[in-house]
Amino acid sequence: MRYRKKPVVIEAVRFVQGMDVTEPRWLGDAISENVVITHGLGKFARGEVYATIKTLEGDHRCNEGDYIIRGVKGELYPCKPDIFEATYEPVE
């Protein structure tokens with residue numbers, strides 16, 4: 001039997017140096033609640049830029065340039081740019 005993925009609208013943000021981590025609000029909330037832990041961001045930060053995202057499957061690393069996706073149930077997870085661009089398109 002074959003299946004097709006249902007079309008769903010998700011929210012996402014690209015994780016990059018200099019980003020406003022308070023926008024979108026769900027990202028700011030996740031950082032405040034330690035669901036997303038950022039490393040190397042900020043004016044005086046040094047070293048590698050990445051985030052740790054706590055998921056039901058364990059901690060996942062989000063590298064600079066990856067996307068942070070908020071799924072249909074509010075879950076957060078990282079996604080590599082090539083996979084993101086092959087899977088999603090902008091919605092008005």
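Predicted model: local features only at pLDDT ≥ 70, side-chain atom pairs only at ≥ 80, totals over all residues.
Two strands count as paired here if DSSP finds at least two bridges between them.

How do the pairs line up? E2 and E3 run antiparallel and are joined by four bridges. Val36 belongs to this pairing, with Ile53 as its bridge partner in E3. E3 then pairs with E4, again in the antiparallel sense, this time over six bridges. Here Thr55 has Gly58 as its bridge partner in E4, and the link from E3 to E4 is a hairpin that passes through two residues. As for what holds such pairs together, strands of a sheet pair through backbone hydrogen bonds, whether parallel or antiparallel.

Next comes helix H1, which takes in residues 25-32. Which of its residues are buried? Trp26, Leu27, Gly28 and Ala30 are.

In the loop between E1 and H1 sits Pro24, and the peptide bond that joins Glu23 to Pro24 is cis, with omega at about -5°. Over in the loop between H1 and E2 is Asn34. Its phi is positive, at about 60°, although Asn34 is not a glycine. Is Asn34 buried, exposed or partly exposed? Buried means under 20% relative accessible area and exposed means over 50%; Asn34 has 45% relative accessibility, so it counts as partly exposed.

Turning to the open spaces in the model, the largest pocket holds about 320 Å³ of space. It is lined by 14 residues, and those closest to its centre are Val8, Ile10, Tyr88, Glu89 and Val91. Strand E1 (11-14) and helix H2 (81-87) are the elements that give two or more residues to this lining. What kinds of residue make up the lining of the largest pocket? Nine are nonpolar, one is polar and four are charged.

The second largest pocket has about 200 Å³ of space. Around it are Lys54, Thr55, Leu56, Glu57, His60, Glu75, Leu76, Tyr77 and Pro78. The elements that give two or more residues to this lining are strand E3, residues 50-55, and strand E6, residues 76-79. E6 gives the most, with three residues. The lining of the second largest pocket divides into four nonpolar, two polar and three charged residues. This pocket also leads back to the sheet: Thr55, one of its lining residues, is the bridge partner of Gly58 in E4.

Technical notes
Residues numbered from 1 in each chain as written. Heavy atoms only, no water. 1 Å grid on protein atoms, 1.4 Å probe; cavity = no way out; pocket = protein on both sides within 12 Å on 5 of 7 lines; lining within 4 Å. Points joined across faces, edges and corners; volume = space filled by probe spheres on them. Nonpolar A, V, L, I, M, F, W, Y, C, P; charged D, E, K, R; others polar. Buried < 20%, exposed > 50% of the residue type's maximum accessible area, 1.4 Å probe, protein only.
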